[in-house]
Amino acid sequence: MTDSYKTYRRPHDLGTPEVTSDNSVTLTVDGKEVSVPKGTKVIRAAALAGINIPRLCASDSLEPFGSCRLCLVEIDGAKGLPASCTTEASEGMKVTTQNDRLADVRRNVMELYISDHPLDCLTCPTNGDCELQDMAGAVGLRDVRYGYAGENHLEAEKDKSNPYFTFDPSKCIVCSRCVRACEEVQGTFALTIDGRGFESKVAASQDQSFLDSECVSCGACVQACPTATLTENSLISKGQPEHTVITTCAYCGVGCSFRAEMKGEEVVRMIPNKDGKANHGHSCVKGRFAFGYATHKDRITKPMIRDSIHDPWKEVSWEEAMEFSAAKLKGIQSKYGTGSIGGITSSRCSNEETYLVQKLVRAGFGNNNVDTCARVCHSPTGYGLKSTLGESAGTQAFDSVLKSDAIMVIGANPTEAHPVFGSQMKRRLREGASLIVLDPRSIALVKSPHVTADYHLQLKPGTNVALINALAHVVLSEGLESKAYIEDRCEQDAYEDWRAFILDEINSPESMESVTGVPSGDIRAAARLFAAAPNGAIYYGLGVSEHSQGSTMVMGIANLAMATGNLGREGVGVNPLRGQNNVQGACDMGSFPHELPGYRHVSDEVTRTLFEKEWGVDLIPTPGFRIPNMFDAAVAGQFKGMYVQGEDVAQSDPDTHHVTAALTSLECMIVQDLFLNETAKFAHVFLPGSSFLEKNGTFTNAERRISPVRKVMEPLGGYEDWEVTQLLANAMGYPMDYSHPSEIMDEIARLTPTFKGVSYDKLDKLGAIQWPCNDKAVEGTPTMHVDEFVRGKGLFRLTPYVATDERTTRKYPLILTTGRILSQYNVGAQTRRTENMTWHDEDIIEIHPHDAEQRGIEQDDWVGIKSRAGETVLRADVTERVQPGVVYTTFHHPESGANVVTTDNSDWATNCPEYKVTAVQAYKVTQLSDWQQEFEEFTQEQLELLKKAKAPAQVI
Amino acid sequence: MVAMANQIAKNLDYGSDKSKAIAGVVDHIRRFWSPLMLDEIAEFISTGEAELSTIAEQALAQLIEERQAAE
Ligand code: SF4
Ligand code: SF4
Ligand code: SF4
Ligand code: FES
C-alpha cells in the first residue's frame with residue numbers, strides 16, 4: 001500500500017496561508033520555540049510548533065478574517081486577548097494558548113454559537129467530521145445557559161437548487177469562510193453576508209437560489225464550510241468516507257489532483273488535494289462533482305461483436321471478442337496490405353495506454369497508421385513550438401502566472417475551459433497585472449467582477465496571424481524589442497530575415513486594420529503595454545490552433561515572445577491551454593504517424609534502432625496516415641480496419657458527412673469505450689473501457705506535469721484499458737506481457753530521454769513530475785528554456801498571413817465559430833451522463849441582435865445553419881457577446897451536429913481542422929434538419945440493436 | 001490532397017527566393033506525408049487534372065522522382 005492510500009482524516013489545517021519571506025522570526029508558544037517566515041500569523045506559527053489553537057473562521061486556504069474570537073491568545077506585554085489568526089508573529093514574542101482565562105472566554109464564545117445551532121448532531125450529515133463539533137469538544141462545552149429555546153434560525157429553509165450540494169442555513173455560524181472562498185479561491189464573488197448582527201446570513205448573489213445566482217458550482221465554499229451548512233449531496237446520502245486515495249482529474253488539461261474519499265469501492269466525494277501542485281486545493285464543478293458517469297447505467301461492461309453495423313450486437317467473452325478482432329484485422333491485411341489498418345489513441349486515456357496503442361500499431365500492425373484526436377486540437381502547437389523553441393510543449397508551470405505583469409490571452413477561455421487555472425489567473429489580475437485579450441468573442445475574462453481587460457482586440461475570425469504580425473510590427477518599428485536577449489539567445493540570420501519581413505509595411509497595424517477589424521490604435525497600445533512589462537506571458541487555446549494557419553500562429557506567438565525577451569524564467573512564456581486531460585501526454589507518447597515517443601521522427605535512424613531493439617521488430621521509416629488521410633483512404637477503398645481507444649472520431653472530427661462515409665466503408669471497426677458513443681454505432685467490435693477511477697496510470701497536464709491516476713475500484717468490464725490493448729496485441733500475434741502500468745512507464749523511461757528519470761516510485765515520492773526529468777533535472781523541470789532553448793538558439797520563423805479559403809459570400813454571409821463551456825466537456829459523453837446537464841441541456845447558436853433582426857430571428861427560435869458542407873438546426877440565443885457577422889456555437893451534443901456544418905479545411909502544416917471558421921447562412925426554421933432526422937433514426941436503430949445484445953437468447 | 005499541397009506552398013512561400021520555398025515544401029511533405037499519399041497524388045498528376053501552383057508542382061515532382069528511384 002502506497003502513501004497515496006490513507007485512512008480517512010480531515011487534512012490538517014494550519015490556520016492561515018503560507019507566507020514566503022527571506023527573513024524569519026523566532027517566537028515561543030507555550031514554552032516551545034519556533035521560527036517562521038516573517039509575516040506569518042501566530043495561529044500558523046503555533047500549528048507549526050504542533051500546537052492547535054481552537055478556531056472556526058480561519059483556514060490555511062483563506063486570508064484571516066478575525067470574526068469568531070475563538071482563537072484568542074495571551075501575548076506577553078500585549079493588551080487584552082488578541083486573535084491569533086490576525087496577529088503577526090514577531091521576534092521574541094511569548095504566546096500562551098491555554099489557561100483558565102482563555103478557556104472561559106472560549107467556552108462563552110462557543111456557548112453563544114451553540115445556542116443558535118440545532119442539536120441534531122447524531123443525524124447530521126457531517127457528524128464525525130464537523131469543526132463546530134470539534135471545537136465544542138475542544139473547549140469543553142457542557143451546558144448552554146441561554147437555553148435552546150431563544151431566538152434562533154432553526155426553521156430556516158434549505159436551498160437544494162444546486163444538484164450537487166445543499167445549503168442548510170439553520171446550521172450557519174456566519175464565519176464567512178464560504179464568502180472568502182468564493183472571492184479568493186474561485187474569484188466569482190457570488191456570495192455575500194447579508195444584514196448585520198443576529199440578522200446576518202449568507203446569500204447567493206441578489207438573495208437568489210444557488211442555481212439562479214452567479215455561482216459556477218466549483219464547490220470551494222462547500223469545502224471551506226466548517227459546519228454542515230454547505231454539504232455535498234453525495235455525502236448526505238452516503239455518509240462519512242473511511243479511506244482516501246490520491247488521484248488526478250480526468251476532465252481537462254489543468255490536471256487537478258484529488259483525494260477520492262471512499263467507502264469501500266464507492267466514491268463518497270472528490271476533494272481537491274491541497275498538496276496538488278497544479279490546483280493547490282481548488283477544482284471546478286466537473287472534477288469535484290461530475291464523477292457519476294463512471295457508474296452510469298449506460299456503461300457497457302461486456303464485449304460485443306457483430307458482422308455488419310446493421311446486425312444486432314452479440315455479447316461474447318473477452319476471448320471470443322479478441323479472436324474475432326484479430327481474425328478480421330489479419331484478414332484485411334492479407335487482402336488489402338499491411339497499411340490498410342490503423343489505430344487511434346485517446347487523449348483521455350493514460351500515458352501508458354496511449355503508448356501501448358501506438359506500440360501495437362507500429363510493432364503489431366507493422367505500419368505507422370496511428371493518430372490521435374489531439375490532431376483535431378493541438379498538433380499546431382507541437383509543430384510551431386518545436387520548430388521555433390525546440391520542444392513541443394508549454395514553457396511554464398501554472399504558478400508562473402502569479403509572477404506575470406502583463407498577460408495576453410489568445411483564443412482561449414480559461415474561466416470556462418480551464419477553470420482552476422482561470423481562477424489563478426484572475427487572482428493575479430486582481431493583484432494588478434494587465435490583461436490583453438485577443439478573441440472574436442467577448443469572453444468572461446474581458447469583464448468580470450474585479451477584472452477588466454486593458455485591451456480586448458476583437459478580431460475577425462481567421463485573422464490571428466495578421467494580428468500577431470501587426471503586434472510584432474509595433475514592437476520592432478518602435479524599438480521595443482529586447483535587443484540583448486535576441487542577440488544572446490536567438491539565431492541572428494533568421495532574426496534579420498524575420499525583422500525585415502515584419503517591418504514590411506503590409507504588416508503594420510494600419511494596413512492590417514481592414515483585415516483584422518481591430519483599430520490600429522488599440523493594436524499599438526496593446527503591443528506597447530506587452531513589450532514594456534517586466535514579465536509578459538502568453539496563454540492560448542483552440543482559438544489559435546483550430547485555423548488554417550494554426551501552426552503559423554503558434555510560430556507567430558513564439559516569435560513575439562522571443563522578440564520581447566519573454567521566455568526562460570518564471571512569469572513569462574508561451575503556454576498552450578490543452579483541451580482534454582491528457583492531450584500533452586498523448587502527444588508525448590508518440591501518437592502521431594510521423595513521430596515515435598518523445599517527438600522523434602520515424603526517419604531518425606538512431607531512435608528507430610533503439611525502439612527496434614526493445615520491441616524486437618523492424619519499424620517503417622516513413623510516416624503513416626493521419627486521421628483525415630485514413631478517412632480519405634477509407635472512402636477510396638484502401639483503408640479497411642481501425643482500432644479506436646477512448647475516442648469519438650465520428651463526433652469530434654469535422655465534416656460529419658465525409659466521416660460517416662468513411663466509417664461505413666470499414667470492414668472492421670473496433671471501439672473501446674465506456675459508452676456506445678457515436679463511433680461505436682459504426683463498430684463491429686465493442687470492447688468495454690475503464691474509467692479513470694478503475695485503473696492505474698499517469699496523465700500529463702498542460703504544464704508537462706505527469707500525475708498519477710490510481711485505481712479506487714475494480715474495472716466494471718474486468719480489465720483496465722492497457723490490459724485490453726495487451727490482449728489484442730497477443731491475439732494479433734505480437735506478444736506483450738506487462739503485469740502493471742509501472743512496467744510500461746519503465747519502458748517509456750528507457751526509450752525517451754525527456755522521461756529518463758520518471759518512475760512510479762518517484763511519482764509516489766514527489767506527488768507529480770514535470771518533464772523533462774533526467775540526470776540534469778532529477779526532480780523535473782518547471783520552467784523550460786532557462787539558459788538556452790532546447791534547440792540551442794531560438795529560431796524566428798516567417799509567418800506570412802494567408803487568408804483562409806473559407807470566405808463569406810452572398811450565399812454564406814456569416815462566420816460560424818465554435819467553442820466549449822464550463823459544465824460540459826468536449827463531446828460530453830461523460831458530463832452528459834451527470835447532473836451537469838442542469839446547466840447545459842442543449843447546444844445553442846449565439847447570434848448578434850442585428851443579424852437576428854435582419855432574418856426575423858428571435859430569442860429561442862429554431863435556426864437553420866447551412867454551410868457548403870451541410871446543415872443543422874439549433875436554438876437561437878440573441879446576444880451581443882458575438883460581433884455582427886459572427887455566429888457561435890458549442891459542440892457538446894451529438895444531435896446538434898455542429899460538425900455537420902464545419903468543413904474539411906485544415907491547418908496547412910498539421911491538418912488540424914479549421915473548426916473556428918466556417919462560412920454559413922442562418923435562417924428561421926420550424927423543424928430539424930434532414931441530417932438531424934436521419935441521425936435520430938440511425939441512433940434509434942443502433943439502440944435497438946444494442947438492446948438485442950442484452951435480450952435473453954431465443955429458444956428455438 | 002492537391003489543395004493541401006497548394007496550401008503548404010502558399011504558407012512557405014515568402015519573398016523572392018523560390019528555391020527556398022520549394023525546398024521547404026519538399027522537406028515538409030517528406031516529414032509528414034505517408035508515401036501512399038505521394039503515390040496517389042502522383043497518379044492524379046499524371047492525369048493532367050491536378051491544378052497545382054508552380055512551387056507545389058516542382059516540389060512534388062522532386063519527391064515523386066525520389067520515391068520512384070527508391071523503389
Ligand atoms: S460553488 Fe464556487 S462559485 Fe458557487 S458560491 Fe461556492 S465558491 Fe462561489
Ligand atoms: S455557510 Fe458555512 S462557511 Fe459560510 S458562513 Fe455559514 S458556516 Fe461559515
Ligand atoms: S479544472 Fe480541469 S482538471 Fe481541474 S477539476 Fe476542473 S476539469 Fe478537472
Ligand atoms: S479563527 Fe481567529 S477569529 Fe476566528
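**Ligand shells and their setting**

Author: The shell around ligand 1 comprises eight nonpolar residues, two polar residues and no charged ones. Here Ala, Val, Leu, Ile, Met, Phe, Trp, Tyr, Cys and Pro count as nonpolar, Asp, Glu, Lys and Arg as charged, and the others, Gly among them, as polar. The model is a predicted one, in which local features need pLDDT of at least 70 and side-chain atom pairs count only at pLDDT 80 or more, whereas totals for chains, interfaces and linings use all residues. Residues are numbered from 1 along each chain as its sequence is written, chains are lettered from A and ligands numbered from 1 in the order in which they are written, and side-chain values use heavy atoms, with hydrogens and water left out.

A residue belongs to a shell if one of its heavy atoms lies within 4 Å of the ligand. Around ligand 1 these residues are C182(A), L191(A), F210(A), C215(A), V216(A), S217(A), C218(A), G219(A), A220(A) and C221(A).

Ligand 3 has 13 residues around it, of which C249(A), Y251(A), C252(A), C256(A) and C284(A) come nearest. Its shell divides into nine nonpolar, three polar and one charged. In chain A, α7 (285–289) and α12 (419–430) each supply at least two residues of this shell; helices (H or I, at least four residues) and strands (E, at least two) are DSSP runs, numbered from the N terminus.

The backbone of chain A also deserves attention. Most residues other than glycine have a negative phi, and most peptide bonds are trans. H280(A), in the loop between β12 (266–272) and α7, has a positive phi near 45 degrees. S176(A) has phi near 65 degrees, likewise positive, and lies in the loop between β6 (165–167) and α4 (177–186). S176(A) counts as buried because its relative accessibility is 4%, while H280(A), at 42%, is partly exposed; buried means under 20% relative accessible area, exposed over 50%, partly exposed in between (1.4 Å probe, protein chains only). W771(A) and P772(A) are joined by a cis peptide bond, with omega about -5 degrees.

Finally, 26 residues of chain A are in contact (heavy atoms within 4.5 Å) with 18 residues of chain B. One salt bridge is found across this interface, a salt bridge being a side-chain nitrogen of Lys or Arg within 4 Å of a carboxyl oxygen of Asp or Glu. K20(B) forms a salt bridge with D497(A), the closest N and O atoms being 4.0 Å apart.
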